[in-house]
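Open the model in your viewer and keep the selection tool at hand. Each stop below says what to pick next and what is there.

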Amino acid sequence: MIATGSLLGLGVLAGGAYGVNFALVYRDRKLSNVGELSFRNRLAIPRLLEPEKDAKGVRHFALKARTGTSVLIPGKKTPTWGVNGPFLGPTLRARRGDTVSVAFSNGLPETTTLHWHGMHLPAEMDGGPHQSVSPGSVWRPKWRLDQPAATLWYHPHPHGETANHVTRGIAGLFLVEDEHSEDSGLPHAYGVDDVPLIIQDRAFNNDGSFSMTGLSVSEQLTGVDPLGVLGDKIFINGTADPHLEVTTRLLRLRILNGSNARSYNLGLTDGRAFHLVAQESGLLPAPVRLRRLQLAPAERAEIVVPFEPGDRVVLRSYAPDLGVGFPNVRLDGGEDTFDLLQFRAAKKLRGSDRLPAWIAGAPRPVTAQKSAHRRTFRLAGRQINGKHMDMNRIDEVASAKAVELWDVRGEDGLPHSFHVHGTSFSVVSVGGRPVPERLRGLKDTVYLHPQESVELAVPMPEYTDPATPYMFHCHMLRHEDQGMMGQFTVVKPGTERSAPRRVPGGHH
């Protein structure tokens with residue numbers, strides 16, 4: 001009896017200690033920097049890398065991944081990775097119809113890849129986990145740009161290590177232009193009235209290095225397992241505490257949520273409205289007036305913000321609607337608020353304040369027939385349809401150019417961000433309801449509220465290759481790395497049944 005009583009007492013004490021520790025962890029997980037910033041640093045604008053054009057008209061980009069050191073927090077030097085520099089990478093820009101070639105050399109100490117997120121291209125050029133580049137090697141993808149104008153991006157995609165490689169700093173934008181974007185009447189001077197905003201959070205260790213878990217010792221002891229790294233420091237284009245000098249009446253912002261797991265709910269602190277003019281994969285037919293814009297990891301959007309002379313206003317991320325309850329809403333960043341960037345308008349502003357009412361040539365939504373092939377994807381427990389990622393298994397085989405209907409659902413109570421390689425889709429319905437204006441237009445990534453389905457009209461790529469797959473996966477990068485990813489190949493119509501269900505030759 002004495003022994004039993006002692007064990008019960010120890011259990012009560014241990015449970016009480018856990019409860020106290022969890023309460024402290026829960027208290028400290030509500031993050032905010034509002035009122036703490038001075039906006040002292042001028043926003044860095046990623047360098048626009050102009051390609052070299054050869055005699056055949058092919059446009060060549062030279063990119064090198066390398067290690068470096070960056071001062072991201074005062075008084076500390078952070079080991080970082082970058083492309084053509086110590087942290088992040090340049091912006092690439094080309095036009096629809098161009099043939100582009102990239103020489104990507106890996107100067108990192110680890111094998112990596114470079115994925116062209118949102119690009120329509122052959123699977124072997126996609127830069128997914130099968131196109132690995134070992135240290136000291138060079139990868140030379142080449143493809144023809146054949147998709148509407150869009151704000152795309154590039155980042156590493158090594159199997160099981162994507163989160164760490166993105167955290168260290170490999171990321172940049174790839175802008176595709178066409179005759180419609182050039183004649184749209186939207187602001188178009190890069191770095192002046194057409195400005196990229198790569199929003200990323202980071203967590204740091206005491207020595208200034210990046211934390212790859214984002215968890216304190218107390219959080220680890222309580223078993224807290226958030227979506228991934230949810231850092232308390234926010235960077236725009238790699239700049240902490242930034243401001244942007246505005247010189248025009250209309251400012252176009254190309255926004256990328258380049259974070260591993262954090263969602264942002266963007267708005268201006270004076271409540272002014274702005275207009276959404278493009279989704280990830282193309283312009284919208286007409287601007288959509290908004291006061292808030294929520295972006296999950298890997299989602300992009302283009303907005304146009306109006307300014308008056310002398311304006312000072314802050315772009316803030318308000319608490320996002322993650323669709324989760326207690327206690328996860330706080331643990332997953334659903335109560336966090338961050339000031340991101342201060343805009344400082346000059347006393348005299350150039351240009352017109354008129355936004356085009358219509359954007360001619362904007363791509364139409366993808367539509368599917370009722371008889372379209374249907375696929376179902378259930379995301380739960382770091383699995384899709386009950387399976388962890390297997391580099392050698394082909395999960396789905398599709399017919400080239402077919403438009404399919406995909407029903408995607410998160411079933412484990414966690415938020416997810418679903419991305420499909422090699423194509424752009426339209427959202428048909430959300431939870432069985434009509435699509436809100438915010439989600440209309442061409443996309444390649446979509447947020448999944450827990451226990452809610454999204455129906456997607458997904459056109460299959462035109463490029464056939466029964467041996468090399470594209471990916472579909474959660475873009476909460478920890479989920480992806482832990483197995484929430486699958487593979488599909490695209491084949492000639494009528495050959496689906498005979499196509500291999502294993503990657504020929506195994507993992508390559």
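Start with the lining of the largest pocket in this predicted model. Colour the lining by class: 12 residues are nonpolar, 5 are polar and 6 are charged. The lining comes to 23 residues. Select Leu37, Lys233, Ile234, Ala240 and Asp241, which lie nearest the pocket centre. The volume is about 470 Å³. β4 (59-73), β14 (233-236), β15 (239-240) and β24 (338-350) each give two or more residues to the lining.

**Next stop: the nonpolar cores**

Which residues have the most contacts inside the largest nonpolar core? Select Phe377, Leu379, Trp406, Val408, Phe418 and Leu456. The whole core has 37 residues. Then display the elements that give two or more residues to this core: β25 (374-380), β28 (403-410), β29 (416-420), β30 (426-430), β31 (445-448), β32 (453-459), β33 (465-474) and β34 (485-491). In soluble globular proteins, nonpolar side chains tend to be buried together.

Zoom in on Phe377. Leaving aside residues up to four places away in sequence, Phe377 touches Ile384, Asn385, Glu396, Trp406, Asp407, Val408, Arg409, Phe418 and Phe472. Then move to a second, separate core of 34 residues. Leu31, Ile199, Phe274 and Leu340 are among its members.

**Next stop: salt bridges**

A search of the whole structure finds 32 salt bridges. Side chains of opposite charge can pair when their charged atoms come close.

Pick Glu302 and Arg254. Their closest N and O atoms are 3.4 Å apart, and the two form a salt bridge. Glu302 sits in strand β22 (residues 300-306) and Arg254 in strand β17 (residues 250-257), 48 residues apart. Are they buried or exposed? Both Glu302 and Arg254 are buried.

Now pick Asp444 and Arg300. This salt bridge has its closest N and O atoms 2.8 Å apart. Asp444 is in the loop between β30 and β31 and Arg300 is in strand β22, so the pair ties together parts 144 residues apart in sequence. Asp444 has a relative accessible area of 0%, which means that Asp444 is buried. Arg300 also counts as buried, because its relative accessibility is 1%.

Go on to Asp390 and Arg502. Here the closest N and O atoms of the salt bridge are 3.6 Å apart. Asp390 lies in the loop between β26 (383-384) and β27 (396-399), and Arg502 in the segment after β34, so parts 112 residues apart in sequence are tied together. Asp390 counts as partly exposed because its relative accessibility is 25%. Arg502 has a value of 45% and so counts as partly exposed too.

Next, select Glu177, Asp194, Arg252, Arg254 and Glu302 together. Salt bridges with shared partners join these residues into one network.

**Last stop: Gly441**

Centre on Gly441, in the loop between β30 and β31. Is Gly441 buried or exposed? Gly441 counts as buried because its relative accessibility is 13%, and the cut-off for buried is under 20%. Finish with a distance between C-alpha atoms. Gly441 and Ala278 are 163 residues apart along the chain, with 7.4 Å between their C-alpha atoms.

Notes:
Residues are numbered from 1 along each chain as its sequence is written. This is a predicted model: local features need pLDDT of at least 70, side-chain atom pairs count only at pLDDT 80 or more; totals for chains, interfaces and linings use all residues. Side-chain values use heavy atoms; hydrogens and water are left out. A nonpolar core is a set of buried Ala, Val, Leu, Ile, Met, Phe, Trp, Tyr and Cys residues joined through side-chain atoms within 4.5 Å. Buried means under 20% relative accessible area, exposed over 50%, partly exposed in between (1.4 Å probe, protein chains only). Helices (H or I, at least four residues) and strands (E, at least two) are DSSP runs, numbered from the N terminus. Contact means heavy atoms within 4.5 Å. On a 1 Å grid over the protein atoms alone, a cavity is a set of points where a 1.4 Å probe fits but cannot get out, and a pocket is an open set with protein on both sides within 12 Å along at least five of seven lines; lining residues have an atom within 4 Å of a point. Grid points are joined across faces, edges and corners, and a volume is the space filled by probe spheres set on the points. Ala, Val, Leu, Ile, Met, Phe, Trp, Tyr, Cys and Pro count as nonpolar, Asp, Glu, Lys and Arg as charged, and the others, Gly among them, as polar. A salt bridge is a side-chain nitrogen of Lys or Arg within 4 Å of a carboxyl oxygen of Asp or Glu.
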